[in-house]
Amino acid sequence: MPSRCVVGGCGFGYGPSAGQKVALHTWPKDRKLRKKWDKFVKETRKDWIAGSDKSVLCNLHFTSEDFLGYLQWSMGFKRKLALKPGTIPTIKPAKSSNRPSPFLNLLLSAAILFTGNLPTQSLRILSCMNVATINTANFFRHQQQYLQPKVEKLWKDDQVPILHSLKASGADGKLICAGDGRSDSPGHCAKYGSYTMLEQTVNKVLDIQVVQSKEVKNASWCELEGLKRSVSFLRDAYNLRIAVLITDRHMQIVKWVRENLPHTIRRFDIWHIAKCRKSLYTHIQILLIHEAVGKWRKSIVNHLYWCAASTPSGDGDEISAKWESVAFHVQNQHTDLNNARFPACAHPPLVEQRPKEWLTPRKYICIKTSPNHETCHLEALYKVKISQIIQIGQKCPI
Ligand SMILES: [Zn+2]
Ligand SMILES: [Zn+2]
């Protein structure tokens, strides 16, 4: 994504824009100077934390005396515009006039934002078609002045009554919440992460927190920080405590919940387990994976859901016994499963010939019966007791 000036109400990119020539300047290396630049930006936007090596300011926030060879650059004799060392930005963007924006311009900006499209590309399509349109600086101004405040207001208008009604109905200490984080880009290079908390009994999102990766150690810690903020928001602002918390199997989260929410039952989202091939196979202790196991994946996932759905009491031992039976089932052994809680498969006798081949232990898989020989990989999974894994029909909230 092309760089844009980070000053609130500006948002210019490199090149000619709105009839003026725009150059961009990266954040200075000197720490004291960086802080002064941050202070300037903070005066124009409250959400600003600190500039990174990728943040830029445009030349419109400096006077012409702040540059080396400004005249030559403005006349086109010089390509690069360099700042004098130690320069601090001083010129804030002019406050917008009270003249309202044309309605269709605002509608266009809203359509781009709400459909999640990239403004630069969307507007370029229109200009390639020779359709008179707004520029990206206008889009960012609309977004900051009108659209985001409106979105925030609508969300608050929705969120507050839900929380009040939960409080009034005596849900404190009975909340069943599913939480999950999402990054703005895949991998560990995300700049922002959002954390969403969904209440299962009313099926409503209670809270969304946005965390910038700079606020924590790195991007992979955004999820835990989001959870902490959501939990403290519910507890401090509305005095609502969570009875059951369903999350994915991030070990940071597991540890934090164990240490900080002793009265909360922790459960793991079945959808997250089912989507992970590695965790599925290691859970049923198949050490040697043959490609034939892949044909069984769908059945194994179905079995995982069935284990949860067929045990409404949530009895961990029973679910665990059912789950372990799949390792025998894939070998065409449906009775004498060596487990008192679930001695035989629950399906009717299989008569018809199946397209999937049965797995044979000698050739393809090795069933580990003793839990005393764990590898380090399995160890992490074993901490995740099957009884804690199951929550019927949970899905990732976002
Ligand atoms: Zn600017
Ligand atoms: Zn069976």
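First, a word on what we are looking at. This is a predicted model, in which local features need pLDDT of at least 70 and side-chain atom pairs count only at pLDDT 80 or more, while totals for chains, interfaces and linings use all residues. Residues are numbered from 1 along each chain as its sequence is written, and chains are lettered from A and ligands numbered from 1 in the order in which they are written.

Let us begin with the overall picture. The chain holds 14 helices and eleven strands, where helices (H or I, at least four residues) and strands (E, at least two) are DSSP runs numbered from the N terminus. Of the 398 residues in the chain, 25% are buried; a residue is called buried if 20 or more other C-beta atoms lie within 10 Å of its own, exposed if 12 or fewer, and partly exposed in between, with C-beta atoms placed from the backbone. If we take the contacts with a separation of 6 or more, 60% of them join residues 24 or more positions apart, and a contact here means that two C-beta atoms, placed from the backbone, lie within 7 Å.

Now to the sheet. Five strands form an open sheet with mixed pairing, in the order β9-β8-β7-β10-β11, and two strands are said to pair if DSSP finds at least two bridges between them. At the edges stand β9 (204–212) and β11 (265–268), each of which pairs on one side only. On average, neighbouring strands of this sheet are turned by 25 degrees against each other, direction ignored; the axes behind such angles are lines fitted to C-alpha atoms, for helices over the stretch in contact, and angles run from 0 to 180 degrees between N-to-C directions.

Moving through the sheet, β8 and β9 pair in the antiparallel sense over eight bridges, and here Thr196 stands opposite Ile208 in β9. β7 and β8 are also antiparallel, over seven bridges, with Met197 in β8 as the bridge partner of Gly179. Strand β7 (residues 175–183) and strand β10 (residues 242–247), by contrast, run parallel and are joined by four bridges, and there Ile176 stands opposite Val244 in β10.

Between β8 and β9 there is a hairpin with four residues between the strands, and in it Asn203 takes a positive phi near 55 degrees. That deserves a remark, because most residues other than glycine have a negative phi. Asn203 counts as exposed because it has 8 C-beta neighbours inside 10 Å. Asn130, which is not a glycine either, has a positive phi of about 60 degrees and is found in the loop between α4 (119–128) and α5 (136–168). With 7 C-beta neighbours inside 10 Å, Asn130 too counts as exposed.

Next, the helices. Helix α6 (residues 222–238) lies across β7, β8 (192–199), β9 and β10, and runs at about 130 degrees to β9. α6 also packs with helix α7 (residues 251–260), at an angle of about 30 degrees and with the axes 9 Å apart. That makes α6 roughly parallel to α7, since angles under 35 degrees count as roughly parallel, over 145 as roughly antiparallel, 65 to 115 as roughly perpendicular and the rest as oblique. In this contact Glu223, Leu224 and Leu227 of α6 meet Gln252, Ile253 and Trp256 of α7. These residues divide into four nonpolar, one polar and one charged, where Ala, Val, Leu, Ile, Met, Phe, Trp, Tyr, Cys and Pro count as nonpolar, Asp, Glu, Lys and Arg as charged, and the others, Gly among them, as polar.

The contact is made by Ile300, His303, Leu304, Cys307 and Ala308 of α11 together with Ile319, Lys322, Trp323 and Val326 of α12. By class, that contact has seven nonpolar, one polar and one charged residues.
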